[in-house]
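The entries follow in the order in which I made them.

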Amino acid sequence: LLSILIFLPIVAALLILVLPPAHQQRFKYISLGVSLIQFILSVFIYTRFNNTSAGINKEEQFQLIEKLPWIRLDLGSIGKLEIDYFLGIDGLSMPFLMLSALVMFVATLASWEIKTNLKAYFSLFLLLNTAVMGVFCALDFFLFYIFYELMLLPLYFLIGMWGGARREYAAIKFFLYTLFGSVFMLLVIIGLYFSVLNPATGNHTFNMILMMDPGNYIEGSVFSAIAGQSIFGISARLLAFIV
């Protein structure tokens, strides 16, 4: 169900891309229909969500889990790269998922007055829609980072091409801020990856749930609570949290 919620806009974006320009007035209705379906699905998920769980530090405590092996790559002495297509929601991500679906539906209505290059606009908008939903469902940090970066790309073009009077300046400023943020976040994710082992396979992992268990951290690793590593005189864990 989560995969449908996430990737439905991509299907609609591909449909818009293959439709001839003569049907451009239909692009709005396709986007609106997809956004409405997403919102209805998110409300359905919300009404069926079990909020009795007291904590979320184990896989079985998440709901609507979708987990498939994705990338398995032998990196030699570094170890085996272990990345999963891993989705799920908890009591925090669930309301954000529904609110995002509502915002996207309202944003589609607000886009009704767009007159220029409708094919590009709604294709980028639907790509943004997919990325936003994916960010709140991903439980693998590699997958999360892909969705996060995928969210920034269409935003840059949407701001730069259909923004206000100073849209070029706003787009460049947005790009610079997100570039630095993305680089710092990537460094933290890599640090976490090399600090955590999957007890089932003995490989490093991007699994967010395994990162919640202090027992999975390698002794002496940069983000191990026991090691007390510091960067520039600041606790590595605190610095990563701030970043």
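Entry 1, helix α6. I listed the buried residues of α6 and found A171, F174, T178, S182, M185, V188, I189, G191, L192 and Y193. I took buried as under 20% relative accessible area, exposed as over 50% and partly exposed as in between, with a 1.4 Å probe and protein chains only. Helices (H or I, at least four residues) and strands (E, at least two) are DSSP runs, numbered from the N terminus. The model is predicted: local features need pLDDT of at least 70, side-chain atom pairs count only at pLDDT 80 or more, and totals for chains, interfaces and linings use all residues. Residues are numbered from 1 along each chain as its sequence is written, and side-chain values use heavy atoms, with hydrogens and water left out.

I then looked up what covers the buried residues of α6, and the cover includes β2, α5, α7 and α8 (236–242); contact here means heavy atoms within 4.5 Å. I also checked the length of α6: its 27 residues should span 39 Å at 1.5 Å a residue, and its end C-alpha atoms are 37 Å apart, which agrees. The expected span is 1.5 Å times one less than the number of residues.

At the start of α5, a side-chain oxygen of D140 comes to within 2.9 Å of the backbone nitrogen of F142.

Entry 3, salt bridges. I found 3 salt bridges in the structure, each a side-chain nitrogen of Lys or Arg within 4 Å of a carboxyl oxygen of Asp or Glu. Side chains of opposite charge can pair when their charged atoms come close.

D84 and R72 meet through their side chains at 2.6 Å, N to O. D84 lies in strand β2 and R72 in strand β1, so the pair ties together parts that are 12 residues apart in sequence. I noted D84 as buried at 7% relative accessibility and R72 as partly exposed at 38%.

K67 and E59 form a salt bridge at 3.3 Å, N to O. K67 is partly exposed at 36% relative accessible area, and E59 is partly exposed at 29%.

E168 pairs with R167, the closest N and O atoms being 4.0 Å apart. I recorded E168 as partly exposed at 46% and R167 as partly exposed at 30%.

How values were computed. Polar contact = N/O pair within 3.5 Å; in protein donor to acceptor, adjacent residues only side chain to side chain.
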